[in-house]
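This briefing is for a reader new to the structure.

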Amino acid sequence: MGRWSRQLAPKFIPWLQVPAGAHWLDVGCGTGALTDAICKTADPASVVGCDPSEPFVQYAREHYSDERASFLIAGTGALPTRPGGFGSVTSSLSLNFFPEPESAIEELCRIAGSGGTVSACVWDYAGRMEFLRCFWDVASSIDPNAHELDEGKRFPICRPEALDELFCRAGLRDVCCDPIEIDTEFADFNEYWQPFLGATGPAPSYVASLKQEIRTALASELDRALPKRADGTIALIARAWAVRGFAR
């Protein structure tokens with residue numbers, strides 16, 4: 001998923017329309033891709049990236065050296081603050097993994113400065129996150145148990161109506177939710193399939209749990225189901241939902 005999140009960040013940041021010179025907080029920063037993109041494209045005064053995963057934070061510290069960026073080990077419930085609040089508090093591709101999204105958004109609102117932008121971005125798992133949507137649709141046709149693991153079912157918050165309601169309930173004003181799409185292209189089926197064999201994440205973990213004959217059948221069915229160009233490339237769309245509002 002990492003390469004797609006890096007493609008998404010440069011589209012998400014301009015959509016936020018945060019003025020130059022703002023202090024940013026990147027919640028659930030992972031390995032630092034969004035923080036890096038903020039430094040490169042948003043002209044921030046500072047960016048604090050935080051994540052509860054120590055290995056992710058360590059990776060970010062080792063790979064990004066912009067003097068405006070810093071990385072902390074912290075998660076929702078204990079997020080860093082600054083005098084006057086942050087001008088932009090954002091969370092990209094993490095909101096659906098928070099144990100209590102409602103409480104998390106309320107915390108983001110509290111640590112944003114008055115008039116600060118509070119935002120999030122999540123994949124459209126139930127709709128046009130096509131490389132995952134195709135995977136789970138085919139997996140469910142072979143194994144009914146796969147349906148329960150499908151992110152489209154597990155993460156109902158990843159829909160525009162749910163995001164809009166969540167941000168409005170938190171007291172944010174001028175809430176807006178829009179789609180952002182990126183191209184996800186694979187040279188051939190092998191390039192598409194190999195990441196599912198990594199055993200990290202819901203879909204790869206599911207593949208790792210399968211008996212070899214079922215895994216082979218799943219790969220074969222996917223190979224048939226995926227749309228291919230004449231040269232064998234697989235061109236799909238990954239859509240995310242971006243939502244923002246302003247703290248009172």
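A residue is called buried when its relative accessible area is under 20%, exposed when it is over 50%, and partly exposed in between, with a 1.4 Å probe and protein chains only. By that definition, buried residues make up 50% of the 248 residues in the chain.

The model is predicted: local features need pLDDT of at least 70 and side-chain atom pairs count only at pLDDT 80 or more, while totals for chains, interfaces and linings use all residues. Residues are numbered from 1 along each chain as its sequence is written, and side-chain values use heavy atoms, with hydrogens and water left out.

**The chain as a whole**

- The chain holds 10 helices and seven strands; helices (H or I, at least four residues) and strands (E, at least two) are DSSP runs, numbered from the N terminus.
- The radius of gyration, taken over C-alpha atoms, is 19 Å, close to the 18 Å that the globule rule gives for 248 residues, so the chain is as compact as a globular protein of that length. The globule rule is 2.2 Å times the number of residues to the power 0.38.
- The C-alpha trace spans about 60 × 35 × 35 Å along its principal axes.
- Of the contacts with a separation of 6 or more, 72% are between residues 24 or more positions apart; a contact means heavy atoms within 4.5 Å.

**Surface and charge**

- The accessible surface of the chain is about 11,500 Å², and 51% of it belongs to carbon and sulfur atoms. The areas come from the Shrake-Rupley method with a 1.4 Å probe.
- There are 23 positive and 33 negative side chains, and the centres of the two sets lie 1 Å apart. Lys and Arg count as positive, Asp and Glu as negative, and His and the chain ends are not counted. Each charge is placed at NZ of Lys, CZ of Arg, CG of Asp or CD of Glu.

**Helix H9**

- Ala203, Pro204, Tyr206 and Val207 are buried in helix H9 (residues 202-209). They cover an arc of only 155° around the axis, which puts them on the same side of H9. The arc is that of the directions from the helix axis to the C-beta atoms.
- The cover over these buried residues includes helix H5 (130-142), helix H8 (189-193) and helix H10 (212-225).

**Two residues with positive phi**

- Most residues other than glycine have a negative phi.
- Gln17 has a positive phi, near 55°, and sits in the loop between helix H1 (2-16) and strand E1 (23-27). Gln17 is exposed, with a relative accessible area of 61%.
- Asp43 also has a positive phi, of about 50°, and lies in the loop between helix H2 (33-41) and strand E2 (46-51). Asp43 is partly exposed, at 47% relative accessibility.
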